Amino acid sequence: MSGTTYGDHQEAAAAALNRLVTGEALPLTAADVDDSLACRDIVVGALRQRLYALRVEGRHPMTVPPARVGAARLPDVARNLTTWLDRIVAELPTLPPAQRRAPTDVLNPRAGGEAARLWREAAVELLTGSHALDAAPERPWLRDPGGGWYLVHDVAVTLEAVLILDSRLDEVGLLNTHHRPPSTLDLDQRRLLASQCARVATWYATSDTPDRASPATRPKPRVSSPVYTVHEAGDLAAAQRQLARYLRPLHGSDAFYDAEPEIDTHTVRMVVTSQHALTERFEHLSRQTPGAEELAAHFAQRREILGDIHSHLRRLVDLEPQGRNTGACWQQVELSTAVARLLRTTPTLTLSTAQWQDLATATHEVTQNIATTMRRELLRDTSNLRMEDATRQVGRTRVHRRHPLERSLTDLVNLPPPSAPIATYISPRQRAALSTTLAVTPTGHRAPSPYPAPVNLPVSRAR
């Protein structure tokens, strides 16, 4: 096993798969065949594990593709490449349950042929790389599409290598006893989709943060508490995201939506006032941190708009008394007191540039959610929020569109998230070499014809 980060493990796995594809070595002895097939099963499981993490924890909706490629239009296939990738991995042959072995019995080094050794090395590195991703203390690739596409590229290239190796194992009958789900695509179609998905991923992979992921040395215990406790400066981003979850606006299709008021004046005043003070502190501290100066403008924009919103809150009242959002209030108290406590011990927050970027993104989620929820409640037909008349002659009035408060909320909703800097890649040479090898490795059957078929074009009649 090489290295401790995901990038190190993926590089070693790509080197092993590259030697398997170019060497065309097959297991010869019965022990090598058993070890190779068991390690191959672990490789397939590692691919499924990575796609499962992206599918479950990612924010992008996954649509189900049609049963066959021919039934789908080309734009539909292009929009759902990662979904097709997930389906291809799910349809890979696997060992029957009775023949599966524990990874600890398979992955231990032992004497054997070259093919079994390379399969074992690929399985160890891919399995350890998946563990590094799942056990990392911070996983920004689940929120940043640029990092997500970086992982999709690795999965697509690895999958295409497995497809080529499977075709060779299938030719000699080593996969005959495997469990095979009903396949909707042939080998050429699967390679076409996998290679195109890898190509599209290179267009949009703007961050290599997964390569630096490593498992936490001391994982934090997960406590089922409504408040995310801030122990150090690095916990501020996670605490902000917990607050953003409490403030998330509800939709009519949500299971918990009951047409009741989504937010009350007490929660609005507390969150807006506290976030205004926090963004002011974050703006001042980010200017003093080398590498985070550009984020000061991000915090300054939100501080200014929150100040405008705060000026209107003294006349905001509830039409009917409502219970406060207890979770949001508790989490906001924890954030405010934690920042004050941290700044009493040190004059600045000890955050890296990546952590400042993560905190800025989390702050954007909080301010966008509170503005969206508040704006929807104000403009709802049965809104419970009203503006008190200062002259006491008209009474409580509704907040309509183009009201100064509504304009400030709209500006806060439409503020873009902080732009993540494009990463400087760490030269994944082995993965580049594997991609080059796959580009020049044909499928092991009859080559298609390079000559286009004749097409009968309509001939216009001469007048």
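Predicted model: local features only at pLDDT ≥ 70, side-chain atom pairs only at ≥ 80, totals over all residues.
## Salt bridges

The structure contains 18 salt bridges. In one of them, Glu 11 pairs with Arg 431, with the closest N and O atoms 2.9 Å apart. Glu 11 belongs to helix H1 (residues 6–23) and Arg 431 to helix H15 (residues 429–439), so this pair ties together parts that are 420 residues apart in sequence. Arg 431 also meets Asp 211 in a salt bridge (3.1 Å, N to O). Because Asp 211 lies in the loop between helix H8 (187–204) and H9, that pair joins parts 220 residues apart in sequence. Glu 11 is buried at 15% relative accessibility, and both Arg 431 and Asp 211 are buried. A network of salt bridges links Glu 11, Asp 154, Asp 211 and Arg 431.

Another salt bridge is formed by Arg 120 and Asp 35, whose closest N and O atoms are 3.3 Å apart. The pair ties helix H6 (residues 114–134) to helix H2 (residues 30–57), and both residues are buried.

## Packing of H10 and H12

H10 and helix H12 (residues 326–345) pack at an angle of about 25°, their axes being 10 Å apart. The two helices are therefore roughly parallel. Their crossing is left-handed. By class, the contact comprises twelve nonpolar, six polar and one charged residues. Residues of H10 in this contact include Met 270, Arg 281 and Phe 282, while those of H12 include Val 333, Leu 335 and Leu 343.

## Surroundings of Ile 263

Ile 263 occupies the loop between helix H9 (236–246) and helix H10 (265–287). With 5% relative accessibility, Ile 263 counts as buried. Among its contacts are Val 268, Ile 370 and Leu 385. Met 374, 111 residues away in sequence, lies 6.7 Å from Ile 263, C-alpha to C-alpha.

Conventions:
Residues numbered from 1 in each chain as written. Heavy atoms only, no water. Helix = DSSP H or I, 4+ residues; strand = E, 2+ residues; numbered from the N terminus. Buried < 20%, exposed > 50% of the residue type's maximum accessible area, 1.4 Å probe, protein only. Contact = heavy atoms within 4.5 Å. Axes fitted to C-alpha atoms, helices over the stretch in contact; angles between N-to-C directions. Parallel < 35°, antiparallel > 145°, perpendicular 65-115°, else oblique. Left-handed = near helix turned anticlockwise from the far one by under 90°. Nonpolar A, V, L, I, M, F, W, Y, C, P; charged D, E, K, R; others polar. Salt bridge = Lys/Arg side-chain N within 4 Å of Asp/Glu carboxyl O. Lists of a residue's contacts leave out its neighbours within four places in sequence.
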